[in-house]
Amino acid sequence: MEFAAPVWIFAGLTFVVAGLTKGVIGMGLPTIAMGLLSLVLAPAQAAAVLVVPSLVTNVWQLFAGPNPAALFRRLCSMMAGVVAGTLAGAGILAGDNAGLAVVALGVALVLYALIGLAGVKLVVAHRHEIWLGPLVGATTGLVTGATGVFVLPAVPYLQAIGLAKGELVQALGLSFTVSTLALAAGLLRMEAFSSISAGLSLLALAPALFGMWLGQGLRQRLDAATFRRVFFAGLFLLGLYLVLRGIA
């Protein structure tokens with residue numbers, strides 16, 4: 001299937017916006033890209049287009065701080081759960097029931113937006129990570145496989161385990177990197193990763209990096225708290241629209 005020129009233009013603008021958001025607050029690129037691209041593409045196609053920009057920007061984020069190896073050792077059981085869950089859930093995203101995938105994506109965006117707007121702060125004691133990490137990872141993987149969105153419940157969990165600010169940014173980069181690779185493997189296994197999608201994904205890298213560069217420049221000039229509220233409010237409205245479209 002070939003994409004019309006307006007789709008290529010829309011995808012480029014989407015990744016500028018998604019990259020800008022990631023540059024300002026350190027996350028949001030996969031979530032925004034999946035939500036907006038699903039307005040013009042099937043969820044499986046949107047997820048395939050997401051792969052290259054998400055992978056490159058999150059590897060960059062992972063290695064921007066100190067000692068990623070120690071972080072991986074701490075989170076390795078969670079990452080194993082992410083891989084297993086994503087591979088198990090990829091059939092929903094790449095299956096024939098596109099309407100179900102759209103609704104699932106919309107619900108994931110709405111829930112994530114509500115958690116963000118509510119400012120929920122959880123605390124997980126270190127002794128619980130040994131069993132909770134794999135459970136959170138597997139659940140995140142199932143959500144990723146079904147929707148293409150990597151954030152639930154991984155982001156609230158990583159915010160709750162007492163990481164320093166720099167470690168948290170790296171941990172998000174690690175989680176999103178592993179999720180992206182697992183999602184790509186799941187799409188390949190389901191034969192949902194076409195050469196056209198791969199080409200668009202590769203071309204989307206430039207606007208994503210440009211958006212990140214803009215966002216990093218704006219970070220010092222913007223009120224991050226206000227920007228986050230706008231970000232989550234926008235995700236809520238987008239998710240609500242996708243739910244209504246999927247059930248219509």
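View 1. Helices are DSSP runs of H or I with at least four residues, strands are runs of E with at least two, and both are numbered from the N terminus. A word on what you are looking at: this is a predicted model, in which local features need pLDDT of at least 70 and side-chain atom pairs count only at pLDDT 80 or more, while totals for chains, interfaces and linings use all residues. Residues are numbered from 1 along each chain as its sequence is written, and side-chain values use heavy atoms, with hydrogens and water left out.

View 2. From first C-alpha to last, helix 3 reaches 26 Å, close to the 28 Å expected at 1.5 Å a residue; the expected span is 1.5 Å times one less than the number of residues. Look for V51, where helix 3 bends by about 40°. A proline, P53, follows within four residues. The bend is the angle between axes fitted to the seven residues ending at a residue and the seven starting there. W60 also sits in helix 3, and at 40% relative accessibility W60 counts as partly exposed. W60 and L203 are 143 residues apart in sequence, with 18 Å between their C-alpha atoms.

**View 3. The largest pocket.** This pocket holds about 980 Å³ of space. On a 1 Å grid over the protein atoms alone, a pocket is an open set of points with protein on both sides within 12 Å along at least five of seven lines, whereas a cavity is a set where a 1.4 Å probe fits but cannot get out; lining residues have an atom within 4 Å of a point. Points are joined across faces, edges and corners, and the volume is the space filled by probe spheres set on them. The lining has 33 residues, and I25, G26, L168, V169 and R228 are the closest to the pocket centre. Several helices give two or more residues to this lining, among them helix 1 (5-25), helix 5 (98-118) and helix 10 (205-218). Helix 8 provides the largest share, six residues. By class, the lining has 18 nonpolar, ten polar and five charged residues. Ala, Val, Leu, Ile, Met, Phe, Trp, Tyr, Cys and Pro count as nonpolar, Asp, Glu, Lys and Arg as charged, and the others, Gly among them, as polar.

**View 4. The second largest pocket.** About 200 Å³ of space lies here. Which helix gives the most to this lining? Helix 11 does, with six residues, and helix 1 and helix 2 (29-37) each supply at least two. The lining includes V17, T21, I32, F227 and L238. Eight of the lining residues are nonpolar, two are polar and none is charged.

**View 5. A cluster of aromatic rings.** Ring pairs link Y112, F231 and F232 into a cluster. Rings of Phe, Tyr and Trp (its six-membered ring) pair if their centres lie within 6.5 Å; planes under 30 degrees apart count as stacked, over 60 as edge-to-face and the rest as tilted. The count by this rule comes to four aromatic pairs. F231 and F232 form a tilted pair, with 5.0 Å between centres and 55° between planes. F231 has a relative accessibility of 7% and counts as buried.

**View 6. G186 in helix 8.** G186 is found in helix 8 and is buried, with a relative accessible area of 0%. A88 is 98 residues away along the chain, with 8.1 Å separating the C-alpha atoms of A88 and G186.

**View 7. Two backbone details in loops.** Most residues other than glycine have a negative phi, and most peptide bonds are trans. The peptide bond from L152 to P153 is cis, with omega near -10°. P153 lies in the loop between helix 6 (129-147) and helix 7. N67, in the loop between helix 3 and helix 4 (68-94), has a positive phi near 50°.

Conventions: Buried < 20%, exposed > 50% of the residue type's maximum accessible area, 1.4 Å probe, protein only.
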